[in-house]
Amino acid sequence: PEVTHLPNLPNDVEGLRQSIRDAVVRVVGEDPRQATERDWMEALAFAIRERMVERRLLTRRQFADEDVKRVYYLSMEYLIGRMLEANLRNMGILEPARQAMADLGVNLDTILDLEDDAALGNGGLGRLAACILESLATQGYPGYGYGIRYEFGMFRQEFEPYHQVEHPDNWLRYGNPWEFPRSDRKYPIHFYGHVVEHHHPRGETRYTWENGEEVLAMAYDYPTAGYGRRNVNNLRLWAAKATRDFDLRYFNEGDYIRAVADKAESETISMVLYPNDATAIGKELRLKQEYFFVSASLQDILDRHLALGYNLDALPDKVAIQLNDTHPAIAVAELMRLLVDCHELSWDRAWDLARRTFAYTNHTLMPEALETWPVELMERVLPRHMGIIYQINHDFLEQVRHRYPGDNDRLARLSIIDEQNGRRVRMAHLAVVGSHRVNGVAALHTQLLQETLFEDFYNLWPERFVNVTNGVTPRLWMIQANPALTELLGQRIGNDWQYDLDRLRALEPYAHDADLQKAFLDVKRANKVRLANLVRERTGVELNPDVMFDVQIKRIHEYKRQLLKLLHVVDLYRRIRAGEDVAPRVVLFGGKAAPGYARAKGIIQVINEVADIVNHDPAVGDRLKCVFFPNYEVSSASIIIPAADVSEQISTAGFEASGTGNMKLALNGALTIGTLDGANIEIRDAVGEESIFIFGMTADEVVEHRRNGPNPEAILAQQPNLAAAVEMIESGFFTCDDPGTHGDLGRYLRHEDPFFVIADYAAYTEACERADTLYADRTAWAEAAILNVARMGYFSIDRTVRDYANQIWDIIPEPVAPSR
Ligand code: 26Y
């Protein structure tokens, strides 16, 4: 009993102070008299992490005792951001820790600002994964994340001076106090080699995968604490380590240098996150990353399942595995390999278990983002998996033939192998065939999935398709990011909403209360001052907090239409110079372009060039400012979002699967200017027509418009303001050195305009003017903004996670009982 006893560390100020002071000496190795701020930050983190792991072990014991079903979330990306404040808050020791640090002579806020973001993701998909893990812990679900411990996360963005330059994100350079390296949790991962068939006179043919290369996947654990609960779950990230094999390989030949170089090369698998979010990469290293973390995770999941004493036949009763897009879809083949080749189950039994275990979330309809791997590449890197995929496809197409005899076109459309484009494996098809549920991430998106990308699958298996609208965690995106609004809400409606976001509705009756309106506007203004200070620090631009802050923060992509907002800026600028009276605004952009996406990088450049001219034109003053906030990341999002008056959600309808920034901004009282795309539609339904500025073509109209043959030139001929803005850009007005680059942009808008910026422009500016009019009436604006906050409860990630738990995973919460 002595050996298995868990420590029970004190969480009061006194106990924390003691732990932190001890950690400076025992963990950091510094004299408290000489400790720097970074030393104190590390010491604090270590004091928290020992408390987290204690609860993690209690949680794990209880899960084992209660025989719970677990969900495993497989994601190539986790966009977590900073961990210190979130861990302190969710552990319920933020205030005691603040006091303990103060007693030690250290300001907690200064310390919090020293931490680098964990940016192991590109954008929405990665941030969603982080929100889901936090919610699983908060609601007491047995849910675990698996991913890759990238040595380098999302690149750091700089402008030199206008175009984007990427710098490596060496987030682990000072070590990381939140991770527990588990050198005893290592799994071998194979690549290359060949498959040997073993024929048995009676029974199935067996296969072995031989003579490949091997690399080890080593676990690093990140405890994830729930808010207001003692549950602590685990995020397990895998790092590649060379096997001992590499040490011995060239030993006999005496080629020591080559041996070391090879070893290093094998560890590149987990080196870097691909900074790509909308174009499939098709690189061998990417395929290896996907298989690497999938194989390690599945080996680990099966090990745990068996160690807990369960039979493999019980897999779907005790395990649910969620595939975050197709990036981990090779898991379908890998689980088959593990069950059939390693655990010697029959093919049919294994297939039944796999299908009942997996579910797949789709995040995009865009063809260029859909992963397909050349058969030849898959055959070389993962020969056994290629064979398994052929077998899965064979069985599946048999079923289709039986259902639709003679329909060869349908067969070709449904096949996992695309025979049109030089034989490729369609990972989305593998994921759909291998899952019992497939979900889209907003109502419109799920509907479009059923009607377009997965139409044939939907006809075959309608029961497989469900919608789970995205959500965001109010712990980060309200309580942490917006302490002033959190405080105000507390005074008005108490704190119940922190545990059940629907309770924000209690605010509704007070929306026209003059005192609340004033307090609300004061909070917004204070948040704008906070942002203005950060913008001054990062860019040197001065912002007037009494002007509307109009914000578009998201990855740079043509379909998200940053160019639509930019044309509006140029239009306003020209009209101001012409002496027109326009409503003042600050336009703030933030977001990164994929390094190989030339058009997106061009968009960043032209925004920066326009901003530079506009911001330095004395004729403009405070009537217009344009800022491109550099290196937009989770930690800067939490300063920008609470300061936004207007949220730009202006994608071409039918292209944004859901959006989640739209939810964060509306929750913080920004009013949305948006198209009827993704979750904007559901946000409109929740907040009401009068609290949102909807404009532009619907998804159906976009299809119709494209069919009719769009004619941007004809539209330009009828809209003098828009034409003047385009001319101003292409004339080189905003660039001294190379006017040619903007000529190209002009041609692009006039002759290509693939995302209908020109076609939607008039409707867009009209929506902006509606926002201007409402903004001028401070009372009416405050009322609409308060109603927005009150009605956003549905977009809590807790509702999203409950939808997954009930419709897909079939798991129930297991709250950890207080230990004392
Ligand atoms: C294949 C590889 C290049 C790739 C890597 C990352 C492809 C896509 C991505 C990321 C996609 C992504 O972030 N999608 C976003 O997911 C959000 C969460 O569901 C949605 O809200 C958002 O609309 C969608 O664009």
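Keep in mind as you read that the model is predicted.

Let's start with the overall build. The chain holds 33 helices and 24 strands. Its radius of gyration is 27 Å, close to the 28 Å that the globule rule gives for 820 residues, so the chain is as compact as a globular protein of that length. If you draw a box along the principal axes, the C-alpha atoms fill roughly 90 × 75 × 60 Å.

Now turn to a sheet of six strands. This sheet is open, its pairing is parallel, and its order reads S21-S20-S19-S22-S23-S24. At the edges stand S21 (624–629) and S24 (692–694); each has a single partner strand, so one side of each is left without a neighbour in the sheet. On average, neighbouring strands here are turned by 20° against each other, direction ignored. Within the sheet, S19 (residues 548–553) and S22 (residues 646–649) pair in the parallel sense over two bridges, and Val551 stands opposite Ser647 in S22.

Three strands, in the order S14-S16-S15, form an open sheet with antiparallel pairing. Its edge strands are S14 (372–374) and S15 (417–418), each pairing on one side only. S15 and S16 (residues 424–426) are joined in the antiparallel sense over two bridges, with Asp418 opposite Arg424 in S16.

Next comes a helix pair. Two packed helices are described by the angle between their axes and the distance between the axes. For H21 (residues 514–539) and H32 (residues 778–790), the axes come within 9 Å and cross at roughly 85°. On the H21 side, the contact is made by Leu516, Gln517, Phe520 and Leu521, which meet Arg778, Thr779, Ala782, Glu783, Ala785 and Ile786 in H32. Sorted by class, this contact has six nonpolar, two polar and two charged residues.

Finally, which residues are closest to the ligand? They are Gly124, Leu125, His363, Ala657 and Ser658, out of 23 residues that surround the ligand. The shell around the ligand divides into eight nonpolar, twelve polar and three charged residues.

Terms used: Residues are numbered from 1 along each chain as its sequence is written. This is a predicted model: local features need pLDDT of at least 70, side-chain atom pairs count only at pLDDT 80 or more; totals for chains, interfaces and linings use all residues. A residue is near a molecule or strand if its C-beta atom, placed from the backbone, lies within 6 Å of it. Ala, Val, Leu, Ile, Met, Phe, Trp, Tyr, Cys and Pro count as nonpolar, Asp, Glu, Lys and Arg as charged, and the others, Gly among them, as polar. Axes are lines fitted to C-alpha atoms, for helices over the stretch in contact, and angles run from 0 to 180 degrees between N-to-C directions. Helices (H or I, at least four residues) and strands (E, at least two) are DSSP runs, numbered from the N terminus. Two residues are in contact if their C-beta atoms, placed from the backbone, lie within 7 Å. Two strands pair if DSSP finds at least two bridges between them. The radius of gyration is taken over C-alpha atoms; the globule rule is 2.2 Å times the number of residues to the power 0.38.
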